[in-house]
Amino acid sequence: MKIGILHIYLILISSLFTEIVRCNIITLLRRKREGMKEQKIAVIGFGMWGRNIVRNFYNLNVLDIVCDLDDESLRIVKEQYPGVKVTKDFNDIINDDSITGVAVVTPSHTHFKMVKAMLEAGKNVYVEKPISTVAEEAKVLTELAEEKGLILMVGHLLLYHPAVNRLKMLIEEGALGELVYAQSDRLNVNYHKNDRSVMWDLAPHDVSMIAYVTGKNPVKVISAIGCSSEKNAIMDITHIGVEFEGGLIAHISDSWITPQKRVTLLVRGTKATAIFDDTAPTDKLKVYDNFIPANTQNYPLDYIEIEPLKLECQHFLNCCSSGHKARSDGENGYTVVSILEEAEKIMLGSKLEDLNKKDFALSRMKV
Ligand SMILES: NC(=O)c1ccc[n+]([C@@H]2O[C@H](COP(=O)([O-])OP(=O)(O)OC[C@H]3O[C@@H](n4cnc5c(N)ncnc54)[C@H](O)[C@@H]3O)[C@@H](O)[C@H]2O)c1
């Protein structure tokens, strides 16, 4: 049994390695043939998450420059990444024709302005989730990228998670039967909030992941409620019910105030139920036969452990060199934002006005 699993791993790892080598050779040959420039990436925003993006693009040998407003952040970049340029002014990126792609990792309320400026300057753009908090803006950016023939990719990280991709494969093979229900819980504590609500911070992951694994787009919001621990319009815990194509019902819970972390996705089909637990150190994905009592016949599924963010950054570079649309493209970002915008209206009612007047910070460490 052990040899069997080891054997499968070796085959998977060697085929992955072969694929990486093959892709690199093809990219090199294509670049040579088409006289293409080497990729040079700029990252805007070296905050809590930007640090991970910078690390990954640096390790992929494409990081050219990091932009942040904060002196201390730029000092850390210089110390940790020798040879990488730094700036406080994003116009330095716009004016540098050698920069082929830009990762926008600033707070969500700044995304529209930044992404629009970068697309207008002819740069391929990776923008963190959510692409915007206004559906109309997401549409404008998607159309602009299309018009200019540029890559626009949104950081819907879970679409690049190996276990999520294994689950998608399983669903496509029919192992769960006909899908009836999905439930995504993303509960934790967050001491540094700077979003319109926990829903805007975390639910882009849930909505994009459910749509991806099930192959069904969200159709409408059925219910949306939230609770604000500070009794204002910023919700710390939200529950939304969403109907997906084919009548699949999904329940999505997100929290900034739950001391016991839980990050799970349950997908229930007519035959079996899969549970993806992203906090589990191993065996994150398990399948339970609906007709056999749990814990007797459940089985874990093999997948290759690679940092999802590395795969996501690599995907952006591959899209930039091939011209293929990203798995999480602007359209995908627009679909997610449209649903969350609808949920927010239901959740807040007249309180929406208060939220629209609020000024959010440029860094959540300085709220
Ligand atoms: N994919 C994920 O799992 C994940 C996780 C966390 C955050 N995020 C997303 O990443 C983005 C950033 O989140 P964060 O937690 O790093 O925020 P943060 O507040 O920690 O960092 C934002 C950084 O942007 C910089 N900044 C703001 N305006 C700027 C400007 N005009 N020019 C240059 N720099 C500017 C700030 O100085 C700060 O360093 C958000 O969209 C967030 O939703 C994604």
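Is Lys231 buried or exposed, going by its C-beta neighbours inside 10 Å? Lys231 counts as exposed, with 7 such neighbours; the labels work like this: 20 or more other C-beta atoms within 10 Å of a residue's own makes it buried, 12 or fewer makes it exposed, and anything in between is partly exposed, with C-beta atoms placed from the backbone. Keep in mind that this is a predicted model, where local features need pLDDT of at least 70 and side-chain atom pairs count only at pLDDT 80 or more, while totals for chains, interfaces and linings use all residues. Residues are numbered from 1 along each chain as its sequence is written.

**The chain overall**

- The protein chain has 11 helices and 14 strands; these are DSSP runs numbered from the N terminus, with helices being H or I of at least four residues and strands E of at least two.
- Of the 367 residues in the protein chain, 40% are buried.
- Take the contacts between residues at least 6 apart in sequence, and 66% of them join residues at least 24 apart. Two residues are in contact if their C-beta atoms, placed from the backbone, lie within 7 Å.

**Around the ligand**

- The ligand is surrounded by 28 residues, and the closest are Gly45, Gly47, Trp49, Glu128 and Arg364. A residue gets into this set if its C-beta atom, placed from the backbone, lies within 6 Å of the molecule.
- Sorted by class, the shell has 12 nonpolar, 10 polar and six charged residues. Here Ala, Val, Leu, Ile, Met, Phe, Trp, Tyr, Cys and Pro count as nonpolar, Asp, Glu, Lys and Arg as charged, and the others, Gly among them, as polar.
- Both domain 1 (2-157 + 313-328) and domain 2 (159-304 + 334-366) give at least three residues to the shell, with the domain bounds coming from an automatic or database domain assignment.

**The largest nonpolar core**

- This core has 92 residues, and Val43, Val104 and Val125 have the most contacts inside it. A nonpolar core is a set of buried Ala, Val, Leu, Ile, Met, Phe, Trp, Tyr and Cys residues joined through C-beta atoms within 7 Å.
- Helix α8 (residues 198-214) supplies the largest share of the core, 11 residues.
- Domain 1 and domain 2 each put at least three residues into this core.
- Leaving out residues up to four places away in sequence, Val104 touches Ile44, Gly45, His111, Met114, Val115, Met118, Val125, Val127 and Glu128.

- Helix α2 (residues 50-59) has Gly50, Ile53, Val54, Asn56 and Phe57 as buried residues. They sit on the same side of α2 because they cover an arc of only 165° around the axis, taken from the directions from the helix axis to the C-beta atoms.
- The cover over the buried residues of α2 includes β1, β2 (63-67), α3 (71-80), β4 and α9 (308-322).
- In helix α5 (residues 111-120), the buried residues are His111, Phe112, Met114, Val115, Met118 and Leu119.
- Those α5 residues are covered by elements including β1 (41-44), β4 (101-104), β5 (124-128), α6 (135-148) and β6 (152-155).

- Most residues other than glycine have a negative phi, and most peptide bonds are trans.
- Asn61 is not a glycine, yet has a positive phi of about 65°. Asn61 lies in the loop between α2 and β2 and is exposed, with 10 other C-beta atoms within 10 Å.
- Lys231 is another non-glycine residue with a positive phi, about 55°, and is found in the loop between β8 (218-227) and β9 (237-244).
- The peptide bond from Lys129 to Pro130 is cis, with omega near -15°. Pro130 is in the loop between β5 and α6.

- Arg327 lies in the loop between α9 and α10 (330-348) and counts as partly exposed, with 17 C-beta neighbours inside 10 Å.
- Arg327 and Val154 are 173 residues apart in sequence, but 8.9 Å apart in space, C-alpha to C-alpha.
- Setting aside neighbours within four places in sequence, Arg327 is in contact with Leu159 and His315.
- Leu170, in helix α7 (residues 162-172), is partly exposed with 19 other C-beta atoms within 10 Å.
- Leu170 and Leu301 are 131 residues apart in sequence and 9.5 Å apart in space, C-alpha to C-alpha.
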